[in-house]
Amino acid sequence: MNKTINTGIIACPALAMAALTTVSCSHKQEQAPAAGRYNIVYIMTDDHTAQMMSCYDKRYASTPNLDRIARDGVIFTNSYVANSLSGPSRACMLTGKHSHKNGFTDNTTCVFDTAQVTFPRLLQQAGYQTAAFGKWHLESLPTGFDTWEVVPGQGDYYNPDFITMQGDTIQRHGYITNVITDLSLDWLENKRDKERPFCLLIHHKAIHRNWMSDTCNLRLYEDRTFPLPENFYDDYAGREAAAAQEMSIDKDMDLIYDLKMNRPDKSSRLKALYEKFCNRMDSAQRRAWDDFYSPIIADFYSRNLSGRELAEWKYQRYMRDYLKVVKSLDDNVGRVLSYLEEHGLLENTLVVYTSDQGFYMGEHGWFDKRFMYEESFHTPLVMMLPKGLNRRGEVPEMVQNIDYAPTFLSLAGVEVPEEMQGVSLLPLLTGEKVEGWRSALYYHYHEYPAEHSVKRHYGVRDSRYKLIHFYNDIDRWELFDLENDPYEMHNIYGERGTEGVTRNMMHLLDSMQVLYDDPVRLRFPLNDKLQ
């Protein structure tokens, strides 16, 4: 059954925040839930990379609300994912297990097994109210939630459809980041039992391709010229898998779908999909959209760019569009923080902000993610901590998204199942010194052949070195010294003098594959030399 709902959403979050404040001031501050159990608000975006958050990197973005979480809480400087891809990353987060254990290894062939243990189900069984709004992207519908409303697939930036618990698909009017926040705040204000602890998952579509901003932000950043990354013109020497990808800004970024340079006499592989997105807009949204892009389109085609000029033009448009979507996201995070503060909930609520993985902002000449290289393997993670958790500032310990589920369960006083492979971050948040924390991380990317043509690979990273094995239709090894080569340009695998490092990293990789029981196992390629 399809329905269309006009939620009366205010056009821009700044106005919405003012309206929310007006409503909220009349409410009394809430008391902590019974037995002092902490609430959890988990905000996750899609493809938001750390270098586009100003608390991590001040070169590009301004994200004052996200920075507030880091400033008043903790910022994890070594936060990583187990599989840099949307659906698999979400499955890792929910289950506390690597992809090969939770069964959702890629976006093309998998359906998430809802019968397996997840942290929302365990929290629900322990008396928590659980709710989820926004992007789900696991092919099966959510379980373990008292309330949920999720977008089909990737969702749409404008006037998005939502699947409800009643089985309806309804269309909600507005910009998706605003709508998801509205649903979340409405649940907090009107639909939960305020005597019980809660766990709220706010899952945004932003900042996923194709980076369509809210109309009120269209003109932002148009006066900015962004510096090219040092390795924008990477030649991929010594890295065969990197050379084989199809995620180049120069060659693979679509002028119409990604960069909005649509004109009746122009075509592209993804033109029809872009026009479908635009056709979801109402007349006012479409008018604002066309008023902004029409002169840019005319100017672009009049210049007839090619070669490096075209590649660098595409990069500038990509950066501007991406940042405009970030702006809306940051504003809406501010709305959530304001609500929690005004209702006296911050002292008893863990607020988590992260992304399902990192993203390339021109590094190696790329957009997208998937590779184990730092920009997509690393993911932002900031937390505003409730009273009683005293850690502040930077947390340098290595953490991974399989750790989220054990953390939330530990915080709620729920026993962590043995099958979960992550570890609780709670000891890191108390302010006490933690001995014997992990010193390395394991990664495994499974989706090939598929979009962007990134080869299957697994690998291990310690505090200095990273070893990657590309396999399946290829057999190539890469070894990087991250201290001397932070941009991962020089593959030192097989070079004279690296035998000891290679041997150590091979044994570390082998031990981690045994630890996590990965059925795709390392076979020492230089066994005689490494022993």
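A polar contact is a pair of N or O atoms within 3.5 Å; within protein, one must be able to donate a hydrogen and the other to accept it, and residues adjacent in sequence count only if both atoms are side-chain atoms. The exercises use a predicted model, in which local features need pLDDT of at least 70 and side-chain atom pairs count only at pLDDT 80 or more, while totals for chains, interfaces and linings use all residues. Residues are numbered from 1 along each chain as its sequence is written, and side-chain values use heavy atoms, with hydrogens and water left out.

**Exercise 1. Describe the surroundings of D403.**

Step 1. Locate the residue. D403 sits in the loop between β13 (399-400) and α12 (404-411). Helices (H or I, at least four residues) and strands (E, at least two) are DSSP runs, numbered from the N terminus.

Step 2. Decide on burial. Buried means under 20% relative accessible area, exposed over 50%, and partly exposed in between (1.4 Å probe, protein chains only). D403 has 0% relative accessibility, so D403 counts as buried.

Step 3. List the contacts (heavy atoms within 4.5 Å). Not counting residues up to four places away in sequence, D403 touches G422, V423, L425 and R438.

Step 4. Look for a polar contact. The side chains of D403 and R438 make one, at 2.7 Å.

**Exercise 2. Is T63 buried or exposed, and which residues are in contact with T63?**

Step 1. T63 belongs to the loop between β2 (39-45) and α2 (64-72).

Step 2. The relative accessible area of T63 is 0%, so T63 is buried.

Step 3. With neighbours within four places in sequence left aside, the contacts of T63 are M52, M53, S54, C55, V326 and D330.

**Exercise 3. Which residues of helix α8 are buried, and which are exposed?**

Step 1. Helix α8 covers residues 271-278, and its buried residues include K271, Y274, F277 and C278.

Step 2. Consider their directions. Because these residues cover an arc of only 120° around the axis, they are on the same side of α8. The arc is that of the directions from the helix axis to the C-beta atoms.

Step 3. Turn to the other side of α8, where A272 and K276 are exposed.

Step 4. Find the packing partner. The buried residues of α8 pack against α9 (283-303).

**Exercise 4. Describe the largest pocket and the largest cavity.**

Step 1. On a 1 Å grid over the protein atoms alone, a cavity is a set of points where a 1.4 Å probe fits but cannot get out; a pocket is an open set with protein on both sides within 12 Å along at least five of seven lines; lining residues have an atom within 4 Å of a point. Grid points are joined across faces, edges and corners, and a volume is the space filled by probe spheres set on the points.

Step 2. Take the pocket. The largest pocket has a volume of about 570 Å³. Its lining has 23 residues, of which Q51, E374, E375, P486 and Y487 lie nearest its centre.

Step 3. Sort the lining by class. Ala, Val, Leu, Ile, Met, Phe, Trp, Tyr, Cys and Pro count as nonpolar, Asp, Glu, Lys and Arg as charged, and the others, Gly among them, as polar. The pocket lining has ten nonpolar, six polar and seven charged residues.

Step 4. Take the cavities. The structure holds two of 30 Å³ or more. The largest cavity contains about 50 Å³ of space. Residues lining the largest cavity include L94, F112, W136 and F145. By class, this lining has seven nonpolar, three polar and no charged residues.

**Exercise 5. Examine the backbone at N210, P449, E139 and H364.**

Step 1. Most residues other than glycine have a negative phi, and most peptide bonds are trans.

Step 2. Check the peptide bonds. The bond from R209 to N210 is cis, with omega near 20°, and N210 is in the loop between β9 (198-203) and α7 (240-244). Y448 and P449 are also joined by a cis peptide bond, with omega about 0°. P449 lies in the loop between β14 (441-445) and β15 (457-461).

Step 3. Check phi. E139 is not a glycine, yet its phi is positive, at about 75°. H364, a residue other than glycine, has a positive phi near 60°.

Step 4. E139 is exposed, with a relative accessible area of 53%, whereas H364 is buried, at 0%.
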